[in-house]
Amino acid sequence: MAEPVTVLVANRGEIAVRVVRAVRELGHVAAVVVSDADRDSLAARLADQVVVLPGTASKDTYLDGAAVVAAALGVGASAIHPGYGFLSENAEFARSVVAAGLVWVGPSPDVIAVMGDKATALQQARAAGVPTVPGSDGVVPDVVTATAVAETIGFPVAIKAAAGGGGRGIRVVDSAAELAAQWDVTAAEALGAFGDGRLYLEKFIRRARHVEVQVFGDGHRFVHLHDRDCSLQRRHQKLVEEGPAPGLPDATRADLHESARRLAAEIGYVGAGTVEYLYDAEADSFHFIEMNTRIQVEHPVTEELLGVDLVQEQLAVALGAPLSFDQEDLVPRGHVLELRINAENPLMSFFPSPGTLTALTWPSGPGVRVDPGVTAGDTISPYYDSMIGKLVVRAADRAGAIARARRALAELELAGVQSTAGFVGAALADPVFGAAEHHTKHLEEQLDVLVAGLSSSSGGPGWSVAEPASERTVDA
Ligand code: ADP
Ligand code: ADP
Ligand code: MG
């Protein structure tokens with residue numbers, strides 16, 4: 001084992017918990033920064049050291065790069081792990097970490113700068129011979145140019161923010177008139193949300209699946225870690241992820257993996273990354289959309305599928321170790337599903353539902369893994385994203401994994417906030433998903449049906465109300 005060092009976890013919620021656990025398992029010391037609202041969080045309770053960043057707003061705390069670096073130096077940390085979201089894809093922050101003499105757990109700042117900007121990443125992918133969606137060559141300066149580009153590629157067209165992420169900063173338009181009406185609004189929104197209003201255009205693929213490839217590099221070797229399918233989405237946000245992606249022809253799958261691996265090698269990628277594609281099942285073709293230069297929310301799908309620990313691997317590689325696996329060591333085992341359980345109310349347009357979790361009992365049993373952000377009695381605060389935790393199941397095949405996921409969801413007992421658990425359960429029961437014939441818009445098209453089913457079945461499963469066990473026991 002390497003000499004113990006202190007690693008500062010610059011994040012919150014479930015990913016902070018996940019990273020703290022990996023740091024401790026490797027025999028290192030886990031420090032975590034917390035905002036005032038997160039002083040008693042699960043991550044804080046599990047960490048060896050806690051540094052409070054005064055304030056609650058993200059910009060005063062988790063997004064304050066200078067404060068995070070100062071916290072790391074203050075606890076004598078050697079490295080900073082950024083998790084996902086917040087500062088994880090901020091090249092300037094990564095540079096400031098390195099400049100402070102700390103190890104940055106992630107790819108080099110230069111790689112983040114190119115691949116974290118979605119417009120330059122597309123240009124890089126095209127240069128590497130990776131197929132992309134037809135679209136503009138980089139950022140589009142104004143609406144006149146945008147209209148010309150859109151007319152060449154044909155409507156519908158997606159207007160996308162170069163700095164977008166987390167499913168935000170994307171607008172789909174069907175005509176030149178709509179494009180003209182949406183252009184300035186989208187730019188203004190992107191400027192407000194990401195501090196960067198630059199936009200580019202892409203043909204909008206109507207019936208696509210979201211398929212992505214996990215990659216890893218250590219500066220010498222570059223491997224792919226197979227694929228995940230994240231097509232169950234709402235508003236471009238993933239709700240359920242699985243691996244392997246169902247129904248890909250073997251040759252297509254192999255091409256997809258090799259394309260991602262080659263891109264990683266070409267840019268000298270170090271650490272964990274994900275290359276995202278849209279897959280057109282009818283044409284059996286795939287197109288690069290973006291690369292995420294960080295650990296992703298759905299990384300446990302790959303961990304369970306391949307029996308690896310991606311977060312430990314990130315830490316080990318950043319601290320100078322070579323990759324612990326070769327390409328041929330990475331063999332998928334069965335099928336994995338991940339369900340995001342968020343404190344949102346599906347009956348009210350998925351509005352955040354902050355509050356105290358008066359009850360929270362996770363399922364257990366064969367093939368079940370839970371990556372929690374909170375435990376019973378904790379509060380989902382209104383200041384940050386509303387994830388309660390992730391439920392991950394593995395089984396021998398896809399049908400078995402779906403059955404296991406539904407069984408596990410039915411065991412989940414959660415009270416005090418509204419959650420997406422019931423909605424996710426309904427999505428898993430959808431026959432189109434069962435047949436793997438869904439696409440990224442399927443969930444939205446079925447939304448009314450799925451949500452209507454929820455309200456009429458209230459009082460049934462344990463996720464909507466935590467009933468005392470006795471009420472569910474049939475007297476002999
Ligand atoms: P993944 O790609 O891992 O599935 P998401 O796209 O769901 O992850 O994003 C993970 C988290 O990071 C979310 O909380 C999201 O809001 C946040 N996030 C991702 N990209 C950005 C970005 N460019 N700006 C702000 N937040 C982001
Ligand atoms: P983010 O950075 O927010 O994750 P992505 O570029 O990965 O943004 O897109 C998020 C989702 O939006 C995709 O998974 C897909 O469902 C949808 N999407 C993005 N671009 C397109 C496109 N050109 N055609 C169809 N769907 C798209
Ligand atoms: Mg994406």
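Good morning. Please keep in mind throughout that this is a predicted model.

Let me start with ligand 1. Which residues come closest to ligand 1? The shell consists of 16 residues, and the closest of these are Arg-294, Gln-296, Val-297, Glu-298 and Arg-340. By class, the shell divides into 4 nonpolar, 6 polar and 6 charged residues. Strand β6, residues 157-165, contributes the largest share, with 3 residues. In terms of domains, at least three residues of the shell come from domain 2, which spans 134-203, and at least three from domain 3, which spans 209-455.

A side-chain N or O atom of Asp-385 lies 3.0 Å from an oxygen atom of ligand 1. For Lys-238, the distance from a side-chain N or O atom to an oxygen atom of the ligand is 3.1 Å. Gly-85 takes part through its backbone, where a polar atom is 3.4 Å from an oxygen atom of ligand 1. As for burial, ligand 1 taken alone exposes 550 Å², and the protein buries 77% of that.

I turn now to ligand 2.

Lys-160 places a polar side-chain atom 2.8 Å from an oxygen atom of ligand 2. Lys-118 has a side-chain N or O atom 2.9 Å from an oxygen atom of the ligand. In His-236, a polar side-chain atom lies 3.2 Å from an oxygen atom of ligand 2. On its own, ligand 2 has 550 Å² of accessible area, of which the protein covers 96%.

Next, the nonpolar core. The largest one in the model has 64 residues. Those with the most contacts inside it are Leu-8, Val-68, Ile-80, Phe-93, Phe-216, Leu-225 and Leu-315. Helix α1, residues 13-25, gives the most to this core, namely 7 residues.

I come to the backbone. Most residues other than glycine have a negative phi, and most peptide bonds are trans.

One joins Phe-155 and Pro-156, with omega about 0°. Pro-156 sits in the loop that connects α7 (143-153) to β6. The other joins Gly-243 and Pro-244, with omega about -5°. Here the proline, Pro-244, belongs to the loop between β11 (237-243) and α9 (250-266).

The other two places concern phi. His-236, already mentioned for its contact with ligand 2, is not a glycine, yet its phi is positive at about 65°. It occupies the loop between β10 (222-234) and β11. Is His-236 buried or partly exposed? Its relative accessibility is 24%, so His-236 counts as partly exposed. Phe-350 likewise is not a glycine and has a positive phi, of about 60°. Phe-350 is located in the loop between β15 (344-345) and β16 (351-352). With a relative accessibility of 6%, Phe-350 counts as buried, because the cut-off for that class is under 20%.

One last item concerns helix α9, where Ser-259 is found. Ser-259 has 4% relative accessibility and therefore counts as buried. Its side chain makes a polar contact of 2.6 Å with the side chain of Tyr-277.

That concludes the presentation. Thank you for your attention.

Methods
Residues are numbered from 1 along each chain as its sequence is written. Chains are lettered from A and ligands numbered from 1 in the order in which they are written. This is a predicted model: local features need pLDDT of at least 70, side-chain atom pairs count only at pLDDT 80 or more; totals for chains, interfaces and linings use all residues. Side-chain values use heavy atoms; hydrogens and water are left out. A residue is near a molecule or strand if one of its heavy atoms lies within 4 Å of it. A polar contact is a pair of N or O atoms within 3.5 Å; within protein, one must be able to donate a hydrogen and the other to accept it, and residues adjacent in sequence count only if both atoms are side-chain atoms. Accessible areas come from the Shrake-Rupley method with a 1.4 Å probe; for residues, only the protein chains shown count as cover. Helices (H or I, at least four residues) and strands (E, at least two) are DSSP runs, numbered from the N terminus. Ala, Val, Leu, Ile, Met, Phe, Trp, Tyr, Cys and Pro count as nonpolar, Asp, Glu, Lys and Arg as charged, and the others, Gly among them, as polar. Domain bounds come from an automatic or database domain assignment. A nonpolar core is a set of buried Ala, Val, Leu, Ile, Met, Phe, Trp, Tyr and Cys residues joined through side-chain atoms within 4.5 Å. Buried means under 20% relative accessible area, exposed over 50%, partly exposed in between (1.4 Å probe, protein chains only).
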